[in-house]
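Me: I would like to go through this model feature by feature. Please give the general idea each time, then the case here.

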Amino acid sequence: MFGVGMILSTQNLSDFKSSKMDYSSFIGSWIIHHVNNISRSEIANIFGAADTNYQGYMDFITNAKKFESICKLGNTIIGIRDLPYFELIQSDERFINLN
């Protein structure tokens, strides 16, 4: 009834499709890092075919720098800066005195 939360990671958005099923239609939240060859149909599957900002999303995704992502949570879409592990352990007090 409530679904199952999981993290799926891939290098290609087409990995969520098989000849019988498009599993991307079941994914409600996305974090997309730099992708060289994202297609307009993949953008439409993720952000909705009615969303007219597909070119902006495509530009952001293909030009994203290291630690930049576009995040879609429900109907909210924002650009984010990811917090890499090496920065986390320098700033989080839980990791400072682990030596």
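Me: In which sense do strand E2 and strand E3 pair, and over how many bridges?
Reply: Two strands count as paired if there are at least two bridges between them. In this predicted model, E2 (residues 68-73) and E3 (residues 76-81) are antiparallel, with six bridges.

Me: What lies between E2 and E3?
Reply: Two residues separate them, and the two strands form a hairpin. In the turn, Gly74 has a positive phi of about 65°.

Me: How should I think of side chains along a strand?
Reply: In a regular strand they alternate between the two faces of the sheet.

Me: Which residues have the most contacts inside the largest nonpolar core?
Reply: Residues of a nonpolar core are buried and joined through side-chain atoms within 4.5 Å. Here the largest such core has 13 residues, and Ile32, Ile38, Ile43, Phe47 and Ile61 have the most contacts inside it. Two or more residues come from each of E1, helix H1 (40-47) and helix H2 (54-63).

Me: What is Ile61 in contact with, leaving aside neighbours within four places in sequence?
Reply: Its partners are Ile32, His33, His34, Val35, Ile38, Ile43, Phe47 and Ile70.

Me: Which residues are closest to the centre of the largest pocket?
Reply: That pocket has a volume of about 740 Å³. Its lining has 25 residues, with Leu8, Ser9, Phe16, Trp30 and Ile31 closest to the centre. Strand E1 (residues 29-32) gives the most to the lining, four residues.

Me: How many of the lining residues are charged?
Reply: The lining has no charged residues; 14 are nonpolar and eleven polar.

How values were computed
Residues numbered from 1 in each chain as written. Predicted model: local features only at pLDDT ≥ 70, side-chain atom pairs only at ≥ 80, totals over all residues. Heavy atoms only, no water. 1 Å grid on protein atoms, 1.4 Å probe; cavity = no way out; pocket = protein on both sides within 12 Å on 5 of 7 lines; lining within 4 Å. Points joined across faces, edges and corners; volume = space filled by probe spheres on them. Nonpolar A, V, L, I, M, F, W, Y, C, P; charged D, E, K, R; others polar. Buried < 20%, exposed > 50% of the residue type's maximum accessible area, 1.4 Å probe, protein only. Contact = heavy atoms within 4.5 Å.
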